[in-house]
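Reader: I am new to reading models of this kind. Please take me through some features one by one, with the general idea before the case.

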Amino acid sequence: MDFSFSDQHQMIERMVYDFARREIMPIIKQHDREHTFPHELLPRMAELGFLGICLPVRYGGAGLDYLSLAILSEGLEFADSSVRETIAVHLGLHALPIFQWGTNKQKENFLPSLATGEHIACFGLTEPGAGSDVAAMGSRARRDGDDYILNGEKMWITLADVADRFLVFAKTNPDKGAAGISAFILERGWPGLTTGTIEGKMGVRASNTGWINMADVRVPASHRLGQEGEGFKIAMSALDNARYGVAAGAVGIIKACLEESIAYGRQRQTFGQAIIEYQLVQQMLAHMQQSIDIGQLLVWKAGWLKNQGIRNTRETSAAKWYCTEAAKRAADDAVQIHGAYGYSDEYNVERHLRNSKSAVIYEGTSQIHTLVQAGYALGDRQDRPMRCELPAYDPAYWEAEA
């Protein structure tokens with residue numbers, strides 16, 4: 001086992017942390033306070049290749065591997081969860097599913113504009129009455145000649161009011177439950193497709209979260225992703241990508257909390273000495289470092305499996321479950337170390353605590369992941385081969401122009 005980063009991985013790590021410190025952190029606090037999306041970051045993220053970091057060069061991507069996606073996610077969330085969410089949704093939940101399940105024509109038509117940032121994309125699965133229970137979704141898709149007619153509503157959709165393209169799920173055969181769900185790529189501006197923003201969120205305030213409404217939206221059959229009835233499998237494989245990014249990003253939160261806590265602890269004096277000298281403060285710092293080490297190992301293992309083309313649903317679930325819970329504990333401890341100042345947005349740890357709470361809910365709640373892991377441990381849950389697996393990373397293919 002080799003746990004060292006390649007020169008390429010070290011370059012990505014330096015690049016993303018430099019971007020986080022120089023370009024995200026100076027502006028993100030104000031966006032968080034005003035609940036506004038940092039549109040000004042998107043062109044720079046596209047220029048640096050972040051929006052298509054693990055897509056092949058032939059599709060406009062940076063041609064890097066899946067571990068590079070984890071390094072990117074960690075560094076972005078070191079600054080703020082909202083910015084990392086853009087990558088998880090745009091790339092992990094939209095572009096990578098097209099790369100995995102799309103026809104050659106769909107890949108050629110859709111991926112280049114996503115990789116270069118010409119179009120921003122989102123993922124519409126959750127509904128007002130269907131979250132963890134995906135099979136309960138009420139959205140419907142009816143075949144009408146060469147088109148489908150879609151009706152339904154999606155809720156809690158990241159980038160809903162920002163995206164140009166939407167990967168949404170609807171039942172083409174309601175009698176089959178999860179096996180009757182299909183996936184469709186929609187485009188902003190189509191008649192009957194409207195979106196809106198949800199206000200008043202506790203955290204991730206600099207990320208757009210909203211709803212999608214579909215009222216007799218006519219979708220060409222060429223925009224159906226995968227076969228009819230494969231929507232559930234497409235959604236679950238997409239969530240493997242998003243959970244991977246969420247787990248890596250949570251490590252970034254812990255790193256930020258540790259750095260902020262050490263800096264504050266060294267300058268804050270009580271009873272004649274810096275509070276970092278107190279053992280109970282050191283205990284909290286030690287737990288943060290421990291969580292970073294464990295979390296990175298879980299993430300890197302999942303990334304290695306992705307690079308090899310090996311199914312990693314169990315490992316990615318475990319990483320998401322552990323890292324997000326650890327990030328919430330670390331942020332809570334960081335606020336405690338900062339005392340009353342930690343309860344104020346003068347310091348970043350207050351924002352990290354609010355943001356960390358969201359990650360134990362989205363992309364599968366901690367309770368769902370607990371049951372998933374129990375299912376694997378008991379032997380009740382087994383991963384079956386899919387018609388389209390996420391391709392293993394092949395540098396020769398990924399880096400080739402065509």
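Reader: Which residues have the most contacts inside the largest nonpolar core?

Author: In soluble globular proteins, nonpolar side chains tend to be buried together. A nonpolar core here is a set of buried Ala, Val, Leu, Ile, Met, Phe, Trp, Tyr and Cys residues joined through side-chain atoms within 4.5 Å. Buried means under 20% relative accessible area, exposed over 50%, and partly exposed in between (1.4 Å probe, protein chains only). In this predicted model, the largest such core has 118 residues, and Met45, Leu150, Phe169 and Leu186 have the most contacts inside it. Helix α6 (residues 231-267) gives the most to this core, namely 16 residues.

Reader: How should I take the numbering and the predicted values?

Author: Residues are numbered from 1 along each chain as its sequence is written, and side-chain values use heavy atoms, with hydrogens and water left out. As the model is predicted, local features need pLDDT of at least 70 and side-chain atom pairs count only at pLDDT 80 or more, while totals for chains, interfaces and linings use all residues.

Reader: What does Phe169 touch?

Author: Contact means heavy atoms within 4.5 Å. Not counting residues up to four places away in sequence, the residues that Phe169 touches include Phe123, Met137, Lys154, Ile181, Gly231 and Ile234.

Reader: At what angle do the axes of α7 and α8 cross?

Author: Helices (H or I, at least four residues) and strands (E, at least two) are DSSP runs, numbered from the N terminus. Axes are lines fitted to C-alpha atoms, for helices over the stretch in contact, and angles run from 0 to 180 degrees between N-to-C directions. Angles under 35 degrees count as roughly parallel, over 145 as roughly antiparallel, 65 to 115 as roughly perpendicular and the rest as oblique. For α7 (residues 279-308) and α8 (residues 313-338), the axes cross at roughly 160° and come within 9 Å. The two helices are therefore roughly antiparallel to each other. The contact of α7 with α8 has 17 nonpolar, five polar and four charged residues; Ala, Val, Leu, Ile, Met, Phe, Trp, Tyr, Cys and Pro count as nonpolar, Asp, Glu, Lys and Arg as charged, and the others, Gly among them, as polar.

Reader: Is Val299 buried or exposed?

Author: Val299, which is found in helix α7, is buried, with a relative accessible area of 4%. Leaving aside neighbours within four places in sequence, Val299 is in contact with Ala70, Tyr244, Ala247, Ala248, Ala319 and Cys323. Val299 and Thr316 are 17 residues apart in sequence, and their C-alpha atoms are 7.3 Å apart in space.

Reader: How do α1 and α3 pack?

Author: Helix α1 (residues 7-34) and helix α3 (residues 66-79) have axes 8 Å apart, at an angle of about 25°. That makes α1 roughly parallel to α3. Among the residues that meet are His9, Ile12 and Phe19 in α1 and Leu67, Ile71 and Phe78 in α3.

Reader: Where does Val204 lie, and what is its phi?

Author: Most residues other than glycine have a negative phi, and most peptide bonds are trans. Val204 has a positive phi of about 40° although it is not a glycine. Val204 is placed in the loop between β6 (193-197) and β7 (209-220), and is buried, with a relative accessible area of 6%. His35 also has a positive phi, near 55°. The loop between α1 and α2 (41-47) holds His35, which is partly exposed at a relative accessible area of 33%.
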